[in-house]
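Please open the structure in a viewer and keep the selection tool at hand.

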Amino acid sequence: DMGLGKTVMLIALHLQRARTSTAPTLVVAPASLLGNWEREIRRFAPGVNVRRYHGAGRRLDGVKDGFVVTTYATMRADADFLRFHQPRWGLVVADEAQNVKNPRARTAQALRTIPAEARLALTGTPVENNLSELWAILDLTTPGLLGTYEQFRGQWSRPIEARRDKAKAAGLSQLIRPFVLRRRKSDPGIAPELPPKIETDHTVNLTREQVGLYEAVVRNTLAEIEAAVGIQR
(Lines give C-alpha, C1' and ligand atoms only; values in the text may rest on other atoms or scores of the structure.)
Protein backbone atom coordinates (compact mmCIF):
# COMPACT_ATOMS: atom_id res chain seq x y z
CA ASP A 1 0.00 0.00 0.00
CA MET A 2 1.01 3.61 -0.48
CA GLY A 3 3.27 5.03 2.20
CA LEU A 4 4.57 1.76 3.62
CA GLY A 5 8.17 2.11 2.53
CA LYS A 6 8.67 0.60 -0.94
CA THR A 7 11.26 3.25 -1.86
CA VAL A 8 13.22 2.89 1.39
CA MET A 9 13.21 -0.90 1.14
CA LEU A 10 14.58 -0.74 -2.40
CA ILE A 11 17.36 1.62 -1.29
CA ALA A 12 18.20 -0.78 1.57
CA LEU A 13 18.35 -3.69 -0.88
CA HIS A 14 20.77 -1.77 -3.10
CA LEU A 15 23.00 -1.00 -0.10
CA GLN A 16 22.99 -4.63 0.95
CA ARG A 17 23.95 -5.77 -2.55
CA ALA A 18 26.64 -3.07 -2.71
CA ARG A 19 28.61 -5.01 -0.08
CA THR A 20 29.52 -7.59 -2.70
CA SER A 21 28.75 -5.87 -6.03
CA THR A 22 29.36 -2.45 -7.55
CA ALA A 23 26.73 -2.91 -10.26
CA PRO A 24 24.48 0.17 -10.55
CA THR A 25 20.71 0.18 -10.04
CA LEU A 26 18.46 1.56 -12.76
CA VAL A 27 15.14 2.96 -11.48
CA VAL A 28 12.45 3.64 -14.08
CA ALA A 29 9.64 5.81 -12.75
CA PRO A 30 7.07 8.41 -13.84
CA ALA A 31 8.68 11.81 -14.45
CA SER A 32 6.88 13.32 -11.46
CA LEU A 33 8.72 10.95 -9.10
CA LEU A 34 12.32 11.48 -10.21
CA GLY A 35 12.90 14.29 -7.71
CA ASN A 36 11.45 12.19 -4.92
CA TRP A 37 13.78 9.30 -5.75
CA GLU A 38 16.79 11.62 -5.70
CA ARG A 39 15.78 13.10 -2.34
CA GLU A 40 15.10 9.71 -0.77
CA ILE A 41 18.39 8.23 -1.98
CA ARG A 42 20.37 11.20 -0.65
CA ARG A 43 18.50 11.01 2.63
CA PHE A 44 18.72 7.27 3.30
CA ALA A 45 21.93 6.49 1.41
CA PRO A 46 24.13 9.57 1.81
CA GLY A 47 27.29 9.36 -0.22
CA VAL A 48 25.82 6.99 -2.79
CA ASN A 49 25.95 8.32 -6.34
CA VAL A 50 22.63 9.16 -7.98
CA ARG A 51 22.33 10.30 -11.59
CA ARG A 52 19.16 11.63 -13.24
CA TYR A 53 19.05 10.33 -16.82
CA HIS A 54 16.40 12.53 -18.35
CA GLY A 55 16.03 15.56 -20.58
CA ALA A 56 18.37 17.13 -23.10
CA GLY A 57 22.05 16.37 -22.72
CA ARG A 58 21.48 13.25 -20.66
CA ARG A 59 24.51 11.02 -20.32
CA LEU A 60 25.80 8.04 -18.37
CA ASP A 61 29.55 8.38 -18.77
CA GLY A 62 31.31 7.69 -15.51
CA VAL A 63 28.40 5.77 -13.97
CA LYS A 64 29.91 2.68 -12.37
CA ASP A 65 27.82 2.20 -9.25
CA GLY A 66 25.01 3.87 -7.33
CA PHE A 67 21.64 4.79 -8.79
CA VAL A 68 20.44 5.98 -12.18
CA VAL A 69 16.86 7.29 -12.24
CA THR A 70 14.98 7.79 -15.48
CA THR A 71 11.45 7.99 -16.86
CA TYR A 72 9.46 5.39 -18.75
CA ALA A 73 9.44 7.57 -21.86
CA THR A 74 13.23 8.09 -21.77
CA MET A 75 13.83 4.41 -21.11
CA ARG A 76 11.67 3.51 -24.10
CA ALA A 77 13.49 5.97 -26.36
CA ASP A 78 16.98 4.95 -25.18
CA ALA A 79 16.43 1.24 -24.60
CA ASP A 80 19.19 0.26 -27.02
CA PHE A 81 21.68 2.49 -25.20
CA LEU A 82 20.63 1.31 -21.74
CA ARG A 83 20.71 -2.30 -22.89
CA PHE A 84 24.43 -2.20 -23.61
CA HIS A 85 25.50 -0.05 -20.67
CA GLN A 86 28.63 -1.20 -18.92
CA PRO A 87 28.94 -2.21 -16.19
CA ARG A 88 25.79 -4.25 -16.47
CA TRP A 89 22.85 -3.21 -14.32
CA GLY A 90 22.62 -4.96 -10.98
CA LEU A 91 18.95 -4.13 -10.48
CA VAL A 92 16.36 -2.79 -12.90
CA VAL A 93 13.41 -1.40 -10.97
CA ALA A 94 9.99 -0.55 -12.37
CA ASP A 95 8.41 1.96 -10.00
CA GLU A 96 4.65 2.44 -10.27
CA ALA A 97 4.78 -0.80 -12.22
CA GLN A 98 1.21 -0.41 -13.44
CA ASN A 99 2.92 1.47 -16.27
CA VAL A 100 4.01 -1.88 -17.70
CA LYS A 101 0.82 -3.85 -17.11
CA ASN A 102 0.21 -4.12 -20.84
CA PRO A 103 2.88 -6.58 -22.07
CA ARG A 104 2.20 -5.62 -25.70
CA ALA A 105 2.90 -1.91 -25.13
CA ARG A 106 6.21 -0.53 -26.39
CA THR A 107 7.19 0.61 -22.89
CA ALA A 108 6.82 -2.86 -21.38
CA GLN A 109 8.60 -4.49 -24.30
CA ALA A 110 11.50 -2.03 -24.13
CA LEU A 111 11.97 -2.58 -20.39
CA ARG A 112 12.17 -6.33 -20.91
CA THR A 113 15.14 -5.93 -23.25
CA ILE A 114 17.39 -4.29 -20.63
CA PRO A 115 19.46 -7.05 -18.98
CA ALA A 116 20.09 -7.06 -15.24
CA GLU A 117 21.08 -9.41 -12.46
CA ALA A 118 17.56 -8.98 -11.04
CA ARG A 119 14.38 -7.05 -11.70
CA LEU A 120 11.89 -5.62 -9.24
CA ALA A 121 8.47 -4.06 -9.63
CA LEU A 122 7.14 -1.58 -7.08
CA THR A 123 3.41 -0.93 -7.09
CA GLY A 124 0.55 -0.27 -4.74
CA THR A 125 -1.95 -1.43 -7.39
CA PRO A 126 -0.75 -4.75 -8.85
CA VAL A 127 -4.24 -5.62 -10.13
CA GLU A 128 -6.69 -2.93 -11.17
CA ASN A 129 -8.77 -4.58 -13.89
CA ASN A 130 -7.95 -8.27 -14.39
CA LEU A 131 -5.36 -10.91 -13.57
CA SER A 132 -3.50 -10.42 -16.85
CA GLU A 133 -1.95 -7.35 -15.20
CA LEU A 134 -0.51 -9.55 -12.45
CA TRP A 135 0.87 -11.91 -15.09
CA ALA A 136 2.53 -9.00 -16.94
CA ILE A 137 4.31 -7.73 -13.83
CA LEU A 138 5.51 -11.16 -12.68
CA ASP A 139 6.57 -12.14 -16.18
CA LEU A 140 8.75 -9.01 -16.19
CA THR A 141 10.40 -9.76 -12.85
CA THR A 142 10.27 -13.57 -12.87
CA PRO A 143 9.93 -14.78 -16.48
CA GLY A 144 8.35 -18.19 -16.87
CA LEU A 145 6.93 -18.42 -13.36
CA LEU A 146 3.34 -18.28 -14.63
CA GLY A 147 3.97 -19.72 -18.08
CA THR A 148 2.93 -18.00 -21.27
CA TYR A 149 0.00 -15.59 -21.29
CA GLU A 150 -2.21 -18.22 -22.94
CA GLN A 151 -1.20 -20.84 -20.38
CA PHE A 152 -1.90 -18.40 -17.55
CA ARG A 153 -5.32 -17.57 -18.98
CA GLY A 154 -6.29 -21.21 -19.25
CA GLN A 155 -4.91 -22.39 -15.93
CA TRP A 156 -5.55 -19.44 -13.65
CA SER A 157 -7.33 -16.31 -14.81
CA ARG A 158 -10.36 -17.86 -16.55
CA PRO A 159 -11.27 -20.18 -13.64
CA ILE A 160 -10.75 -17.39 -11.10
CA GLU A 161 -12.41 -14.53 -12.98
CA ALA A 162 -15.23 -16.41 -14.73
CA ARG A 163 -16.05 -19.13 -12.21
CA ARG A 164 -14.80 -17.51 -8.97
CA ASP A 165 -12.85 -20.70 -8.27
CA LYS A 166 -11.59 -20.19 -4.72
CA ALA A 167 -9.27 -23.19 -4.85
CA LYS A 168 -7.59 -21.82 -7.96
CA ALA A 169 -7.27 -18.38 -6.36
CA ALA A 170 -5.64 -19.93 -3.30
CA GLY A 171 -3.30 -21.95 -5.52
CA LEU A 172 -2.22 -18.85 -7.46
CA SER A 173 -1.65 -16.96 -4.23
CA GLN A 174 0.53 -19.78 -2.88
CA LEU A 175 2.52 -19.94 -6.14
CA ILE A 176 3.44 -16.26 -6.26
CA ARG A 177 3.87 -15.70 -2.51
CA PRO A 178 7.66 -16.37 -2.44
CA PHE A 179 8.15 -13.71 -5.12
CA VAL A 180 5.91 -10.99 -3.69
CA LEU A 181 6.80 -8.87 -0.67
CA ARG A 182 3.47 -7.35 0.27
CA ARG A 183 2.63 -4.89 3.02
CA ARG A 184 -0.87 -3.61 3.65
CA LYS A 185 -2.11 -1.02 6.09
CA SER A 186 -4.42 -3.68 7.52
CA ASP A 187 -1.53 -6.01 8.42
CA PRO A 188 -1.01 -6.67 12.16
CA GLY A 189 1.64 -4.38 13.56
CA ILE A 190 1.44 -1.89 10.70
CA ALA A 191 -1.33 0.40 11.93
CA PRO A 192 0.40 1.42 15.21
CA GLU A 193 3.41 2.60 13.18
CA LEU A 194 1.35 5.02 11.13
CA PRO A 195 0.68 8.53 12.37
CA PRO A 196 -3.00 9.30 13.05
CA LYS A 197 -4.94 10.61 10.11
CA ILE A 198 -5.77 14.27 10.50
CA GLU A 199 -8.55 15.89 8.48
CA THR A 200 -8.91 19.65 8.50
CA ASP A 201 -11.72 21.32 6.58
CA HIS A 202 -11.08 24.74 5.07
CA THR A 203 -14.05 26.55 3.59
CA VAL A 204 -13.08 28.69 0.61
CA ASN A 205 -15.76 30.88 -0.93
CA LEU A 206 -15.90 31.49 -4.67
CA THR A 207 -15.14 34.95 -5.96
CA ARG A 208 -17.90 36.85 -7.78
CA GLU A 209 -16.20 36.06 -11.08
CA GLN A 210 -16.03 32.35 -10.22
CA VAL A 211 -19.70 32.34 -9.22
CA GLY A 212 -20.64 33.85 -12.57
CA LEU A 213 -18.53 31.35 -14.51
CA TYR A 214 -19.92 28.44 -12.53
CA GLU A 215 -23.53 29.52 -13.09
CA ALA A 216 -22.86 29.97 -16.81
CA VAL A 217 -21.46 26.45 -17.08
CA VAL A 218 -24.47 25.03 -15.23
CA ARG A 219 -26.93 26.89 -17.48
CA ASN A 220 -25.15 25.82 -20.67
CA THR A 221 -24.90 22.20 -19.54
CA LEU A 222 -28.60 22.03 -18.60
CA ALA A 223 -29.52 23.54 -21.96
CA GLU A 224 -27.42 20.93 -23.77
CA ILE A 225 -29.11 18.15 -21.75
CA GLU A 226 -32.58 19.49 -22.60
CA ALA A 227 -31.72 19.66 -26.31
CA ALA A 228 -30.13 16.21 -26.45
CA VAL A 229 -32.01 13.01 -27.26
CA GLY A 230 -31.40 9.26 -26.90
CA ILE A 231 -28.00 8.01 -25.85
CA GLN A 232 -26.47 11.45 -26.34
CA ARG A 233 -28.69 12.76 -23.53
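Two residues are in contact when heavy atoms of each lie within 4.5 Å. The model is predicted, so local features need pLDDT of at least 70 and side-chain atom pairs count only at pLDDT 80 or more, while totals for chains, interfaces and linings use all residues. Residues are numbered from 1 along each chain as its sequence is written, and side-chain values use heavy atoms, with hydrogens and water left out.

**First selection.** Select serine 157 in helix α7, residues 149-163; helices (H or I, at least four residues) and strands (E, at least two) are DSSP runs, numbered from the N terminus. Leaving aside residues up to four places away in sequence, serine 157 touches Leu131, Phe152 and Ala162. Serine 157 is buried at a relative accessible area of 1%, where buried means under 20%, exposed over 50% and partly exposed in between (1.4 Å probe, protein chains only).

**Next selection.** Rings of Phe, Tyr and Trp (its six-membered ring) pair if their centres lie within 6.5 Å; planes under 30 degrees apart count as stacked, over 60 as edge-to-face and the rest as tilted. This rule gives two aromatic pairs. Select tyrosine 53 and phenylalanine 81: their ring centres are 6.1 Å apart and their planes at 20°, so the pair is stacked. Tyrosine 53 belongs to strand β2 (residues 50-53) and phenylalanine 81 to helix α4 (residues 79-83), 28 residues apart. Tyrosine 53 is buried at 3%, whereas phenylalanine 81 is partly exposed at 44%.

**Last selection.** Select tryptophan 135 and tyrosine 149, an edge-to-face pair with 5.5 Å between centres and 70° between planes.
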